[in-house]
Amino acid sequence: MINIIVAGPRGKMGYEAIKMINKEENFRLVACLDRKNNGKTLKEVDGLPDLDVPIYENAEECFQAVDSADVLVELTIPEVGYLHTKTAIQHNIRPVVGTTGFNSEQLEELDELLTSKNIGGIIAPNFAIGAVLMMKFSQMAAKYLPDVEIIEKHHDNKLDAPSGTAVKTAEMIRETREPKSQGHPNETETITGARGAELDGMRIHSLRLPGLVAHQEVIFGGPGQTLSIKHDSLNRASFMDGVRFSIERVFEIDGLVYGLEQLL
Ligand SMILES: NC(=O)c1ccc[n+]([C@@H]2O[C@H](COP(=O)([O-])OP(=O)(O)OC[C@H]3O[C@@H](n4cnc5c(N)ncnc54)[C@H](O)[C@@H]3O)[C@@H](O)[C@H]2O)c1
Ligand SMILES: O=C(O)C1=N[C@H](C(=O)O)CCC1
């Protein structure tokens, strides 16, 4: 049995994760971390599942009180998610993190902390298998077609831009692509931001619109041709196989795994 704490139970991902955990025979939800409802149980909060699971607002207090916890599933916002993750590791609780927007210093720090504790942790910018494949295929294509632009599209409640998936895609592409700067050497922006964000010469464009969930297209260009690699998440259930897989696999690793492509 794997005892799990979910951070962000009232969020779209947290809610979906609780439903998934509840269906799995070898998973048990033992607590939730929320920004309100301290001292209540899930069933006492409108809109949450009818479960007798305690809610805590303070991570330290939660991890001390629920000492049977094995895994933290973190699905909140960047700053809070980082603190939750760090505190979980200090309590020897393995983190499975979907929250995006951590910077590279934070990732490094979490890796060092995990290693010093001899436990594993997973941070996955995208839990959807199709998105992981999109990133892998893009990494392969960039070796042959180094001119590439990334267009990511998300719902308009998203806090971080570019998306974690777009950043991870560019980082993976960087491993196979010959460094080059793209576009015309004399190009100028008549409106700031017109050419998007820049990572190692690649451009990332972030769209935010109601109605969208999570979508990304990676477009490569060569003489007389383009190649588009595209993935769409149509709902949050698309991420749950990856969350389940990570909860199981996090016991088999040491230190930080950043990106599910490393485990597939
Ligand atoms: N890795 C993936 O595959 C994947 C997929 C979808 C979303 N995400 C990421 O997961 C995170 C959550 O996404 P979502 O769509 O569920 O967002 P959401 O806005 O629906 O939920 C955010 C949750 O964070 C909680 N929260 C906000 N401030 C808090 C605080 N101070 N303390 C405790 N909790 C706090 C909110 O109460 C809410 O429960 C985001 O970072 C998003 O980018 C990752
Ligand atoms: O809904 C979000 O927010 C998502 N964020 C992730 C990202 O930043 O890449 C993954 C998909 C959904």
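Which loop holds N118? In this predicted model, N118 sits in the loop between α4 (104-117) and β6 (120-123).

## Two domains

Let's start with the overall layout. The chain splits into domain 1 (2-126 + 237-262) and domain 2 (129-234). Their C-alpha centres are 28 Å apart, and where the domains touch, domain 1 supplies 13 residues and domain 2 supplies 13 residues.

## The nonpolar core

The largest nonpolar core is made of 66 residues. Strand β2 (residues 27-33) provides the largest share, 6 residues. Because domain 1 (2-126 + 237-262) and domain 2 (129-234) both contribute residues, this core lies between them.

Setting aside its neighbours within four places in sequence, V6 has contacts with G14, A17, I18, L29, C32, V73 and L75. Of these partners, A17 turns up again in the next section, where it belongs to α1.

## Helices α1 and α7

Two packed helices are described by the angle between their axes and the distance between the axes. For helix α1 (residues 12-23) and helix α7 (residues 240-249), the angle is about 60° and the axes are 10 Å apart. That angle is why α1 counts as oblique to α7. The crossing of α1 past α7 is right-handed.

To see the meeting place on screen, select E16, A17 and M20 in α1, together with M240, V243 and R244 in α7. K12 also belongs to helix α1. It has 15 C-beta neighbours inside 10 Å, so K12 is classed as partly exposed. K12 and H155 are 143 residues apart along the chain, yet their C-alpha atoms are separated by 12 Å.

How many of the 11 residues in helix α6 (residues 164-174) are buried? The count is 8, and the helix is mostly covered. The buried ones are G164, T165, A166, V167, K168, T169, A170 and I173. Around them are several elements: the buried residues of α6 pack against α5 (129-142), β7 (147-154), β8 (197-199), β9 (202-208) and β10 (214-222).

The pairing with α5 can be described in more detail. The axes of α5 and α6 come within 8 Å of each other and cross at roughly 30°, so these two helices are roughly parallel. Their crossing is right-handed. On the α5 side, the residues that meet α6 are A131, M135, S138, Q139 and A142. Their partners in α6 are T165, K168, T169, M172 and I173.

## Backbone points to check

Most residues other than glycine have a negative phi, and most peptide bonds are trans. With that in mind, here are some places to look at in the backbone. A161 and P162 are joined by a cis peptide bond, with omega about -5°. P162 is placed in the loop between β7 and α6.

N92 is not a glycine, but its phi is positive, at about 60°. This residue lies in the loop between α3 (78-90) and β5 (94-97). N92 has 13 other C-beta atoms within 10 Å and is therefore partly exposed. Now back to N118, which also is not a glycine and has a positive phi of about 60°. With 9 C-beta neighbours inside 10 Å, N118 is classed as exposed.

## Near the end of the chain

Is G259 buried or exposed? G259 has 21 C-beta neighbours inside 10 Å, so it counts as buried. This glycine lies in the segment after β12 (255-258). Leaving out neighbours within four places in sequence, the contacts of G259 are A124, P125 and K168. K168 is one of the buried residues of α6, and it is also among the α6 residues that meet α5.

Technical notes:
Residues numbered from 1 in each chain as written. Chains lettered and ligands numbered in written order. Predicted model: local features only at pLDDT ≥ 70, side-chain atom pairs only at ≥ 80, totals over all residues. Core = buried A, V, L, I, M, F, W, Y, C linked by C-beta atoms within 7 Å. Buried ≥ 20, exposed ≤ 12 C-beta atoms within 10 Å, placed from the backbone. Helix = DSSP H or I, 4+ residues; strand = E, 2+ residues; numbered from the N terminus. Domains from an automatic or database assignment. Contact = placed C-beta atoms within 7 Å. Axes fitted to C-alpha atoms, helices over the stretch in contact; angles between N-to-C directions. Parallel < 35°, antiparallel > 145°, perpendicular 65-115°, else oblique. Left-handed = near helix turned anticlockwise from the far one by under 90°.
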